[in-house]
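Biologist: I have not seen this one before. Can you take me through it?

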Amino acid sequence: MATLQFTLPSITGGRHRRESPTILRPVRCTADRQALFNRIAPVYDNLNDLLSLGRHRVWKRMSVSWSGAKEGDTVLDVCCGSGDLAFLLSEKVGISGKLQIAASRQRKRSRACYKNIEWIEGDAVDLPFSDSSFDAATIGYGLRNVVDRKKALEEMCRVLKPGTKVSVLDFNKSTNPLTSSIQDWMIDNVVVPVASGYGLASEYQYLKNSIKEYLTGCELEKLALQAGFSEAKHYEISTGFMGNLVATR
Ligand SMILES: C/C(=C\Cc1cc(O)c2ccccc2c1O)CCC[C@H](C)CCC[C@H](C)CCCC(C)C
Ligand SMILES: C[S@@+](CC[C@H](N)C(=O)[O-])C[C@H]1O[C@@H](n2cnc3c(N)ncnc32)[C@H](O)[C@@H]1O
């Protein structure tokens, strides 16, 4: 019984405060995106709490519940970042197991069950696990940021046991023009201005662009079925700002 963790190999070098005006640059490849997340890492958790008024923690709990993870399971969190979903999964599956790589976040939390976390670095499109290894999987605010989303879903399908689920939490690319307009307005007028106070305007502008380039709930369901899942259902949450895909292997 263990909770397995997973994220991209980190690129050294912290965030550098910009002296010049913010230059929007395309974030196209995996290395660019990893460098972006390394820049926002120091303030990521605090900005998520501030900008969502703490609601992201509710959305993450919902996503973990939808994964079907339960006491004694072996589970996987892909694109774990600072570990929010990982720690929730750890609490869900209970104590035992081993800790391989202790991330900085790990030192801030010390519940007994967190010893069941194994932190592994790698790529979501090439998971270093055997077929049918896990009883449940989560990927929170990760699939939208992966370049080859279908390959990532195929990999998660491969490593899940038959009949088990992946829970994919992310922003919702709404088909409702009003919801989409309000989401855009919030990002343009609240999220990016607040982020610019930390020298991260272009990083949070990427957030808006990535949502525009993401898939709708229906498209995510189709992609999951194409990737090999037998069932897929997308649920809109938080008045349609967020969404959660639940796909069964
Ligand atoms: C946990 C959340 C976002 C994580 C996240 C994901 C990314 O791909 C990023 C890319 C680039 C920069 C940052 C991120 C990033 O933080 C969701 C909550 C945090 C959001 C930044 C806040 C979004 C606010 C909603 C548009 C409106 C919320 C309305 C109400 C408070 C419920
Ligand atoms: C927005 S953060 C989400 C972190 C965390 N799951 C959460 O819910 O807060 C996206 C994470 O995905 C990781 N990531 C992006 N592309 C990846 C890939 N191809 N393989 C593994 N991790 C990746 C980034 O390094 C970053 O930690």
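Biologist: Where does it come from, and how is it numbered?

Modeller: It is a predicted model, in which local features need pLDDT of at least 70 and side-chain atom pairs count only at pLDDT 80 or more, while totals for chains, interfaces and linings use all residues. Residues are numbered from 1 along each chain as its sequence is written, and chains are lettered from A and ligands numbered from 1 in the order in which they are written.

Biologist: How many helices and strands are there in the protein?

Modeller: Eight helices and seven strands.

Biologist: Now the helices. At what angle do α1 and α6 cross?

Modeller: Roughly 145°, with the axes of α1 (residues 30-51) and α6 (residues 177-196) coming within 11 Å. Axes are lines fitted to C-alpha atoms over the stretch in contact, and angles run from 0 to 180 degrees between N-to-C directions.

Biologist: Which residues meet there?

Modeller: L47, L50 and L51 of α1 meet V190, V191, V194 and A195 of α6; a contact means C-beta atoms, placed from the backbone, within 7 Å. By class, the contact of α1 with α6 has seven nonpolar residues, no polar and no charged. Nonpolar covers Ala, Val, Leu, Ile, Met, Phe, Trp, Tyr, Cys and Pro, charged covers Asp, Glu, Lys and Arg, and the others, Gly among them, are polar.

Biologist: What about α2 and α3, how far apart are their axes?

Modeller: The axes of α2 and α3 (residues 84-93) are 10 Å apart, at an angle of about 50°. K60, R61, S63 and V64 in α2 meet D84, L85, L88, L89 and K92 in α3. That contact divides into four nonpolar, one polar and four charged residues.

Biologist: Switching to ligand 1, which residues come nearest?

Modeller: L51, S52, H56, Y141 and L207, out of 22 residues around ligand 1, counted when the C-beta atom, placed from the backbone, lies within 6 Å.

Biologist: Which helix gives the largest share of that shell?

Modeller: α7, with five residues. The shell around ligand 1 has 12 nonpolar, seven polar and three charged residues.

Definitions and conventions
Helix = DSSP H or I, 4+ residues; strand = E, 2+ residues; numbered from the N terminus. Contact = placed C-beta atoms within 7 Å.
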